[in-house]
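Here is a friendly walk through a two-chain model. Have the sequence and the 3D view ready as you read.

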Amino acid sequence: MGENKMMGSNNNTIISKYIFSTDHKVIAKQFMALGTFFLFFGGAMAMLIRWQLAYPEQKVPWWLLGFIFESDGGIITPDMYNQLFTMHGTIMIFWAITPLLIGTFGNFLIPLQIGTHDMAFPKLNMFSFWTMFLASLVLLSSYILPNGAASGGWTSYPPLSSPSGGIPGLGQTIWTLALIIMGVSTMMGAINYIVTVVRLRTPGMDYFKMPLSIWGLFLASILNAVFVPVIAAGLILLLLDQTIGTEFFLAGRLASGDPGDPLLFQHVFWIFGHPEVYILILPVWGIVSDLLSVFSRKPAYGYKVTAIAMSTVVALSSLVWGHHMYTTGMSPLLGKSFMFLTLLISIPSSMFFLNWLGTLWRGSIHFNTPMLFSIGVIWVFGLGGLTGLYNATVTADIYLHDTMFVVGHFHYTLAASVMLGSFAAIYYWFPCMFGKKLDSRLGKIHFWGSFISLNYVFFNMMAVGYAGQHRRIYNPSEYSFLKHLSGMNEWITIFAFLLGIFQALFLFNIVWSLAKKEKSEKNPWHATTLEWTVGYPIPHGNFIHEPIVFNGPHEYSRPDIPNRDWLGQNEDKDDFIRD
Amino acid sequence: MNTIFNRIKLRHLLYQGIWFQDLPKDVSVDGYRIDNVISYTDLVISIYFGIVVALLVYFIFQYRSSRGHKAEYDHGDKRKNVMVTAGLGFLVFFSVDAVIETMAFKDLREAFWNFPKGENVVRVEVMPQQFAWNFCYPGPDNEFGTEDDIIPTQNQMHVPVNTPIVIQLASWDVIHSFYLPNFRVKQDAVPGMITPLWFQAKETGVYDIACAELCGNSHYKMKGYLTVESEEDYQKWLNENSPQETDSDGWDDWEDDDSDDSGIPENWSWAWEKIK
């Protein structure tokens, strides 16, 4: 009887409505809470890393939570430092960006923008979130181990990450386990998104009528579904190495029998790892393409070209992993091929990049907060993309590989572009998700503060890398060729703190705007896509009547419609022309 | 909060905070090739990024709604538009990517993968371990793995100036990376693999050797010194480090000691692999 009550019509308990909910909008908010928590967690670790690089082996001040380090005399030890950058990378990539972009906006937007009632598999969706939650607990549990969390880098290359690699304790094993569980969650999500997009589009919603955000999320899910199993397999082998003494990735002195191959792990890791960077950035490309169109009041320039170019990048992204391994000593012929394939990516990338500029061209540009962030993405992604050329070049990469230049480059593409893109999305869809508008004055301060400080931080990270500073070193002043960089490292740190402060402002904006009484109107941005046709709160099941789609997603400023500069996807243009 | 302001030294802003850094001084014969590729990339991406920013700024001011500009209903999907976008994409590819690729492949063919042969080549075996660099020179018989091999103090590498140096790199435990910033050299040392590399110094002096691949908690301290010196000084240094026939405290001891992992590796050194 009791079980019946739980499973039956009793849909309104707090537990079923807000915790174990199968509603994609609730799950999106759950992912948003998880992602935001880890974004600030990972960000705090970045601050500590920067502290150590600017003021090596000095006492951590109280406002950076110095009391954590009290047992070590208030300073960050080398072991602790390695844990910090390892967990910063792992958490930001897998626990902050992925849940924020794919978990939150994948869940929220896909059913609403393609006009369906929910995900194809609502229970799997719920299960995906709670598996992610479990993975989070496993990951965080490594902090209470006597020797602390993992410290082998977010790449966790064996043999260093194997027990014989010399890292004490269980942190590395827990890390592997947490990532495997996270992978399971990601795979469940990816399958769900793909099936939903393929099977549940509302009548009239052709592939080429989908908003580009959906294109980005859809392509990212395909990459997730194909490549997460690869890393999962690699991690399972690594876990066996770590726990039952197999030697898949051990060689030389560390192997007792027939040697395994440490490079095999790197291949497996980067076969997944390079598509992973596109998994993170694809949703942003799509979202920015849409938002530029909304706030320029003009159709997205070359919509089909953008969609096809993004798909081409997805296809190419699976063929370029070797550019992470130029200096490993793999076959020189492979190096050449990987360089060529990597450079090919610049053709489709420059095409959709030009389309972004084309959207602005002859538009009517409104500088709302989401638009500022989207324009910011054009800037940072332009820089991030172009600086990738150095790393794609076999010879230049001999010098720049494993330096701060690489760190600056991928922070431009991943941290800067993805952060600005996520913020654009949050400012834009906040009224749809919570029925309130985020404060635009605070939003603009947040934009300018973040934009200036993150450019200072990431550009100068590249500059110190250019000067030779290699990454993951505890104290750069150990080396005579890096001594003159201490001033610059200090300044990067100061701007990194500023960047952190502006994010606190963002958190304040969210809390403050949620507390405001004033409700947002139904379609505050006069957007054409389907999610704005349902007022807040959107009920479980989304649409009362299945919407029918007549138009593409970017029908702005049509000359044949009087008195209105947009035409919703579900609106028949004849209704307006006749009026 | 006061602490942070005390720590900020204003002079840093004046001359260290805001401008570009230079690459470290190049003292190798072929390092200029890498510097050239980097400079070319610097130049072209600055131009392209400059154009993008100029367009962006122009569009933002010209087409802002507050200026009353009405948007044009244009999907940009006509044949002509697509051709222009694709054309510009290929222009970028051929003016940047193809040039860089040609330069890089030429440098690889002519220098980095063109290993020097002949009598005057100095051969060194390098084996990093957590957290030190071990070096081995073949000694008078020019053969590795023999009694007269010269194994100097850890972290000390000496090479003669203006002579090609061919190195074979292996690792004793985890992955390390042999990084000579002043020579534009970086090569991973992977357990189970023997990896060749070569360079030639053109100026004497003492330069840093760093480990570029995370190898554990003292990764940052895994530092060596490369002394580039004249041929005479180099020979003198080799003689000073030669194993003494009568001295039993040489490296032989380590070979017998198979229980201790902390010292110089016991299977030091391996037979020199032929470079194809």
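How many residues does the contact take from chain A and from chain B? Chain A gives 90 residues and chain B gives 88 residues, where two residues are in contact if their C-beta atoms, placed from the backbone, lie within 7 Å. Helix H11 (residues 346–360) of chain A gives the most to the side of chain A that touches chain B, with nine residues. Helices (H or I, at least four residues) and strands (E, at least two) are DSSP runs, numbered from the N terminus.

This is a predicted model, in which local features need pLDDT of at least 70, side-chain atom pairs count only at pLDDT 80 or more, and totals for chains, interfaces and linings use all residues. Residues are numbered from 1 along each chain as its sequence is written, while chains are lettered from A and ligands numbered from 1 in the order in which they are written.

Strands E5 and E8 of chain B run antiparallel and are joined by two bridges, and Tyr179(B) stands opposite Ala210(B) in E8(B).

Some backbone details deserve a look too.

| Peptide bond | Form | Omega |
|---|---|---|
| Pro158(A) to Pro159(A) | cis | near 5° |
| Gln130(B) to Phe131(B) | cis | about 0° |

Asp402(A) is not a glycine, yet has a positive phi of about 60°. Asp402(A) is buried, with 22 other C-beta atoms within 10 Å; buried takes 20 or more such atoms within 10 Å, exposed 12 or fewer, and partly exposed is in between, with C-beta atoms placed from the backbone.

Methods:
Pairing = 2+ DSSP bridges.
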